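Dear colleague,

Please find below the structure that I am handing over to you. I would be grateful if you read the notes after it with the model open.

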Amino acid sequence: MLRRLGLCILPLLGSVFAQSGGPYIDPDNGVTFYGITEPAHGVTYGFVFPPLDQNSTEFIGEIVAPIAAGWAGVAPGGSMLRNLLLVAWPNAGKIVRSARYATSYALPTAMSGPVLTDLPSSKVNETHWKWVYRCQNCVTWSTDTGTNSIPVSSTGVPAWAFSSRAVQTPSDAQSTFVQHTDFGFFGLDFSEAHVSDSQYQLWASGGTGTGTLPPTSSPTTSTPAGPTSTVPAVPYDYIVVGSGPGGLVTADRLSEAGKKVLLIERGGPSLGFTGGSYQPDWLKGTNLTKFDTPGLFETMFSDDNSFWWCKDITVFAGCLLGGGSAINGGLWWLPPDFDFSPNYGWPRSWANHLPYSAKLKARLPGTDTPSTDGKRYLMQSADVTAQLLKPAGYTNITINNSPNSKNRVYGYSTFGFLGGKRAGPIATYYKSAITRKNLSYKPNTMVLNVVRNGSTITGVKTSDNVIGGNGVIPLTPKGRVILSAGSFGTPRILFRSGIGPSDMVNLVKADPVAGPLLPPQQQWINLPVGHNVSDNPSINLVFTHPSIDAYDNWANVWSSPRPVDAEQYATNQSGVFAHASPRLNFWRAYTGRDKKVRYIQGTARPGAASITTDNPFNATQIMTITVYLSTGVTSRGRIGIDAAMKALPLVDPWFTDPIDKEVLLQGLNDIVANIPKVSGLTMITPDNTTTVKDYVDAYSPASMNSNHWVGSCSINHVVDQNTKVLSTNNLFVVDASIIPSMPMGNPQASIMVMAEQAVAKILALPGGA
Ligand code: 6FA
């Protein structure tokens, strides 16, 4: 039996782009490698090269991964496209590996040229697998656009990819596999990563030991340079960063206006028509992915291959085409007037949202009959909730027919879907934008910071160092950058660009990779980026009722769905799977003791995320009502980064004002008061041993998160009335982060109406390209 693998753990210098590699000795084989142990998954990637003056075309490398890793891979040249990709996984106690190559963001295929030799210290045991290899003919390779190479004499940014999912056919080195769960980059000074010829030859022939660390070695702090082969850095009039609801509306309208636009997205495809391919077996043969299929919404949270979540943000955020709109519940409220009211922090110039709401409605009106046959399915939780609300004076409406009706009303859940499929901004705005020649779309590319000369932005620095040799994409002389990277992503880019509170920018300064990219300290711009953040606090009430079909709590919808429902959906996108889980929504206004009006929103659905009762209950009959505190919420929190450049809430935004809690409690008590009026209805969380107040008092703050974050770059505080970042000439923000207070519940449609208005203001602003 193999002994436990000796893992050489380097100092954990942060995650994703914050990391920089350095030398380490693998205690198992004694080889001095240059690389990292990336902290998210605990995988080590290392390389060592022959002497630089030999102009050799080979190197020795290793990948050491926890046994749970489905597969892991590395691109020493730094990005997925047109690069040497080394991929490995364990099978039957042995390593299966291959060199692969891709010219598009699809499954990489076998790469001809590289000669791989497994070295003897490769192994698999109960806890880890390790692939140690010699890669010959691996430093320079031909591409369809020229040649590409590993920057062996300078610094580079190798990329890693990791999947928790096993490949399809583990015994086959050319097996297919689904998209990586996670990926990242690290800076590495390849010029250091060379050893003497005799030393290299010893290791390359399978010898071990005698590795030493360079006496003065330290992690690289220099600005990483790219591979020696580059593509020219083309300038753009507008660079839009992020393809969520904010970014897609912006990119579409700017390109419609004839501007030369680049849309950059850090993640990959989502819906089938965008190139997405992640689907359950029962949808094979269709173009429908997990992201297209509304009824798979609940599996976003239970899938062990969750490549869509941003791994460097500590709360749920979608990192793929469409951002949150690709993975969310799809609830779609055309905004009421309150959403843009000066009473809730908007400049007066924004109050007339109606023309912009009309533009959105024309593209995507929303539907409360998402199934293509016009019928509603699995509606028992809606019927039960309606019975509970009617005695309290609620009336039934079609939600988007009267957006301003938000007091004592309920209606069938309305979704941003089309033809039984998720649509949102992807199947509307992206769909039209991508057809225009003046719009370029660059996926799988992360913007690290904006490049600026004082208050003028000259471009963006990306993770793709193939561009121009340093990853910088420039603006045309009157060009503008628009950040649409979301409530967490946009503040991080600003901090990394020297814009924000000094405590945040100083964390960037201390980071070995991000620090050197900051502008000089005298050019830092002190703005309250990350402050004034809100999200709806929400509390779940769980019930049972004999009429409810809990749909097996959504547990089987991916791998063993009810056959009739699966067949129906696959055939014509009708039936249960055409809905996401919600079935009914309601609103009510309350005036707190501070005389301020706050709204509550309720969402009813079959099933439950967590149940806290010792009493027996019938699990096939469970349903949840989530009650949110919505527009009018006064609590505020703060978003920031940690020393590893991870984005996170620094101060939770829920119940910092006790009156918010009082009002939400009142709303919950009013719902609970009518339970006796609904025959057969039993509340099981909280159950009859716990008061609603005690339940709310004990509610974990993390569970109160509704994923509706707004405000971290609030208008009037961080951006001006035209959404331009204060004290800059040409940097704008158009995403949830500029919204100064909570919209009426689920915000994506409101964010898109905001973006319609923002882009109109930006286009009207003199001085732009
Ligand atoms: N909103 C609704 O209206 N209805 C819902 O049902 C609903 N449900 C959910 C939900 O169930 C979950 C789990 C989550 C997380 C959110 C939900 N929301 C719902 C909220 C809604 O999705 C968000 O409010 C909305 O998507 C925010 O839109 P933004 O445009 O402000 O930002 P996103 O985060 O969506 O997009 C940012 C994009 O930028 C992403 O694609 C990201 O990958 C990309 N990005 C970030 N940093 C980047 C960087 N440095 N470089 C390049 N790209 C970057």
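Predicted model: local features only at pLDDT ≥ 70, side-chain atom pairs only at ≥ 80, totals over all residues.

The ligand

The ligand is surrounded by 38 residues, and the closest are Glu265, Gly324, Val447, Ala736 and Gln748. By type, this shell divides into 17 nonpolar, 18 polar and three charged residues. Three helices, α2 (245-256), α6 (486-495) and α12 (748-764), each supply at least two residues of the shell.

A polar backbone atom of Arg266 is 3.1 Å from a nitrogen atom of the ligand, and a polar backbone atom of Gly323 is 3.3 Å from an oxygen atom of the ligand. In Val447, a backbone N or O atom lies 2.8 Å from a ligand nitrogen. Taken alone, the ligand exposes 1000 Å², of which the protein buries 94%.

The sheet

Six strands form an open sheet in the order β8-β7-β6-β5-β15-β16, with antiparallel pairing. Its edge strands, β8 (109-110) and β16 (182-185), each pair on one side only. Two bridges join β8 to strand β7 (residues 94-101) in the antiparallel sense. Arg100 stands opposite Ala110 in β8.

His194

His194 is located in the loop between β17 (188-189) and α1 (197-204). Is this residue buried or exposed? His194 counts as buried because its relative accessibility is 17%, and the cut-off for buried is under 20%. A polar atom of its side chain lies 3.1 Å from the backbone oxygen of Phe190. Beyond its neighbours within four places in sequence, His194 is in contact with Phe49, Pro50, Pro51, Leu52 and Val152.

Yours sincerely

Terms used:
Residues numbered from 1 in each chain as written. Heavy atoms only, no water. Helix = DSSP H or I, 4+ residues; strand = E, 2+ residues; numbered from the N terminus. Buried < 20%, exposed > 50% of the residue type's maximum accessible area, 1.4 Å probe, protein only. Polar contact = N/O pair within 3.5 Å; in protein donor to acceptor, adjacent residues only side chain to side chain. Contact = heavy atoms within 4.5 Å. Pairing = 2+ DSSP bridges. Near = heavy atom within 4 Å. Areas by Shrake-Rupley, 256 points an atom, 1.4 Å probe, with all protein chains shown as cover. Nonpolar A, V, L, I, M, F, W, Y, C, P; charged D, E, K, R; others polar.
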